[in-house]
Amino acid sequence: MRLVTWNINSIRARIDRVIAFLERSNTDVLAMQELKCKPDQFPFDRFEDAGYEVKMTGMNQWNGVAIASRVGLKDVETNFPTQPTFKDKLEARAISAVCDGVRVWSLYIPNGRTLQDPHYQYKLEFLNNLANYTRGYLEKSTTPLALVGDWNVAPLDEDVWDISVFEGDTHVSEPERMAFNQFSRLGMKELTREYVTNYTYWDYQKLRFPKNEGMRIDFVYASPDLAERAIGADIDRNERKGKGASDHVPVIVDFQ
């Protein structure tokens, strides 16, 4: 199975690129984040014409996540238990389904904004509650688990182009890194680190991409039984090039 996660930064703006990627990449399951659309605006027909079933959750122009699969899409969940709210609203940041025997979660972790913003505490709560869900899942379920998406955390200093630029900022703070790393302590394995050495995100501003001033914030965590089946990972850096590109690239993991 080939599993891909991609923050596409608006499905309506990127649909042609997404379908072209699917057609050439032999992707079985595509987890998407930051759809920026409501269900009645989502281009289901384009995916169906390409041979993929899709489930999504979204609202207005913010957030939104989806899973497209050509190997089955069962037992869909549009949030995890105890998923926190922000300003009393449950945002469209998590969706999961069983695809070819694997429970896949497409996740769009909150940005945090600044260390003083309430969104930062929301981000930490989101990660901690997700970890609590994961702990319970690993204890009770025999179905392999994949947590994939835009985590909005750079776990290591080398995951940003210049750590001094991020001093006192989100994405690299110790509480965020501890929240990210707790999934490893639960027994999950992050699968891309072993194979991928490049960034996964480059801001549109200040020529960040041509200068390769990026961040590594898109990851794939797998339960031990699934991690054993991983045989490689990569990114498609070309998807950050050209007109109409997302600011993230597809992150690809292959399983036996």
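What you're looking at is a predicted model, where local features need pLDDT of at least 70, side-chain atom pairs count only at pLDDT 80 or more, and totals for chains, interfaces and linings use all residues. Residues are numbered from 1 along each chain as its sequence is written, and side-chain values use heavy atoms, with hydrogens and water left out. Helices (H or I, at least four residues) and strands (E, at least two) are DSSP runs, numbered from the N terminus.

- Six strands make up an open sheet in the order 5-6-7-8-10-9, and the pairing is mixed; two strands pair if DSSP finds at least two bridges between them.
- Strand 5 (74-77) and strand 9 (189-190) are the edge strands, each pairing on one side only.
- Strands of a sheet pair through backbone hydrogen bonds, either parallel or antiparallel.
- Strand 5 and strand 6 (residues 94-99) run antiparallel and are joined by two bridges.
- Across from E77 you'll find S96 in strand 6.

**Helices against the sheet**

- Helix 3 (residues 118-140) packs on the sheet, where it touches strand 7 (102-108) and strand 8 (145-150); contact here means heavy atoms within 4.5 Å.
- The direction of helix 3 makes about 160° with that of strand 8; axes are lines fitted to C-alpha atoms, for helices over the stretch in contact, and angles run from 0 to 180 degrees between N-to-C directions.
- Helix 4 (residues 174-185) lies across strand 8, strand 9 and strand 10 (218-222), and runs at about 25° to strand 10.

- Most residues other than glycine have a negative phi.
- N60 isn't a glycine, yet its phi is positive, at about 50°.
- You'll spot N60 in the loop between strand 3 (53-59) and strand 4 (62-69).
- N60 counts as partly exposed because its relative accessibility is 44% (buried means under 20% relative accessible area, exposed over 50%, partly exposed in between, with a 1.4 Å probe and protein chains only).
- R113, also not a glycine, has a positive phi near 65°, and it sits in the loop between strand 7 and helix 3.
- R113 has 44% relative accessibility, so it counts as partly exposed.

**C37**

- C37 belongs to the loop between strand 2 (29-33) and helix 2 (44-49).
- With a relative accessible area of 0%, C37 is buried.
- Leaving aside residues up to four places away in sequence, C37 touches I11, R12, F42, M56, G58, M59 and N60.
- From C37 to K189 is 152 residues in sequence and 32 Å in space, C-alpha to C-alpha.
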